[in-house]
Amino acid sequence: MMRDNAGLIVAARREAFASQQRHAPVDYRQANKTQSQKGLSTRFLFECAQKLEMKPLTSATAAILFHRFFREISDTEYDPYMIACSCLYLAGKIKEDKVRKRDIINVAHNTINRGAQPLDPCDEYWAMWDSIVQAELFIARVLKFDMTIVHPHKYMLHYMKSLQDLFGAKEWHSMPVARTAASFLQDFHHSPKVLDYKPAHIAVCCLALAFQVYGIEVPLSDEAEDSVQWYTVFCNDLTREKHWEIVESIMEAYAIESVGNEK
C-alpha cells in the first residue's frame with residue numbers, strides 16, 4: 001500500500017490538477033459508451049449541479065443515487081447523462097433544494113452542446129422532459145424506493161468541531177485542513193467506491209489525508225501508544241489497514257478525473 005508522504009503529496013497534486021481541469025470544457029459527446037464514460041458522467045453531474053447552484057450536499061446526494069443506480073443496473077443501454085439529470089432532479093426533492101426541470105434541461109443541453117442557446121419548447125425539449133420524469137420513476141423502482149442516505153458530511157462537521165477545540169480556534173482557522181478535507185470528500189463522490197465504506201470512516205480518512213498532505217500532526221498524538229491513532233476517538237472500529245484502503249480509494253478518484261481530462 002502507498003503509505004508514505006510522497007504518495008500523499010502526489011494525491012495533493014492530483015487534487016490541484018483536477019480542480020484546475022474542472023474549469024476546462026469537456027466534450028461529453030465524444031465519449032464512447034465505456035466505463036470511462038461513467039467517470040465523465042459523474043463529472044457532468046457535478047458540473048451541472050454547480051451551474052444550477054445546488055448545495056454541495058444536494059450534488060453529493062445526486063452522485064450517491066447515480067452510483068447506486070448503476071451498481072444495480074449494468075446494462076449500457078441507459079444514457080448515463082440522462083440518468084445524471086434525473087438524479088439531480090430527484091436529489092433536489094430529497095434535500096429540499098429544488099430546481100425546475102426546465103433549468104436542468106437547459107443546463108444539461110448547454111453542457112453537452114457547448115455554446116448552445118436555451119431550448120425553446122420543441123420536440124427535443126419535451127423529449128428530455130419526458131425522459132427525466134420517466135427516469136426518475138425508474139431510478140426509484142431500481143433503488144426499491146429507498147432514498148435514505150447517510151452522508152459523511154455530518155460526521156466531518158462534528159469531527160472538525162472537536163479538532164478545532166483541540167488545536168484552538170485561531171490555529172485551526174489558519175490551516176487549510178478543513179477546506180482540503182471537504183474537497184477530498186466532495187471529490188470522492190465522483191467514484192462509486194464512496195458506496196463501499198462507512199460514512200464516518202470516509203469523513204475521518206478525508207481529514208487524515210488532509211493532515212498528512214500538509215504534514216500537520218494532531219496534538220497529543222505523540223503521547224498515544226503506537227497502536228492507537230488519533231482518529232480512534234472518533235471511529236474505534238477503523239483499523240489502520242482499512243484507513244489506508246480508503247485513503248487509496250480517495251486518491252484513485254483523481255486518477256479517474258485525469259483519464260477523463262485526457263479524452
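Modeller: Happy to! A residue is called buried here when its relative accessible area is under 20%, and exposed when that area is over 50%. Please keep in mind that this is a predicted model. The part I have picked is helix α6, residues 123–142.

Now to the side chains. Buried in α6 are Tyr 125, Met 128, Ile 132, Ala 135, Glu 136, Ile 139, Ala 140 and Val 142. Viewed down the axis of α6, these buried residues fall within an arc of 155 degrees, so they line one face of the helix. On the other side of α6 you will find Asp 123 and Gln 134, which are exposed.

What lies over the buried residues? The cover of α6 includes α3 (56–72), α4 (80–94) and α5 (101–112). After α6 comes Lys 144, with a positive phi near 60 degrees.

Phe 66 and Phe 70 form a tilted aromatic pair, at 4.8 Å centre to centre and with 55 degrees between the planes. These two residues are 4 apart in α3, which means that about one helical turn separates them. Both Phe 66 and Phe 70 are buried.

Methods
Residues are numbered from 1 along each chain as its sequence is written. This is a predicted model: local features need pLDDT of at least 70, side-chain atom pairs count only at pLDDT 80 or more; totals for chains, interfaces and linings use all residues. Side-chain values use heavy atoms; hydrogens and water are left out. The expected span of a helix is 1.5 Å times one less than its number of residues. Buried means under 20% relative accessible area, exposed over 50%, partly exposed in between (1.4 Å probe, protein chains only). The arc is that of the directions from the helix axis to the C-beta atoms. Contact means heavy atoms within 4.5 Å. Rings of Phe, Tyr and Trp (its six-membered ring) pair if their centres lie within 6.5 Å; planes under 30 degrees apart count as stacked, over 60 as edge-to-face and the rest as tilted.
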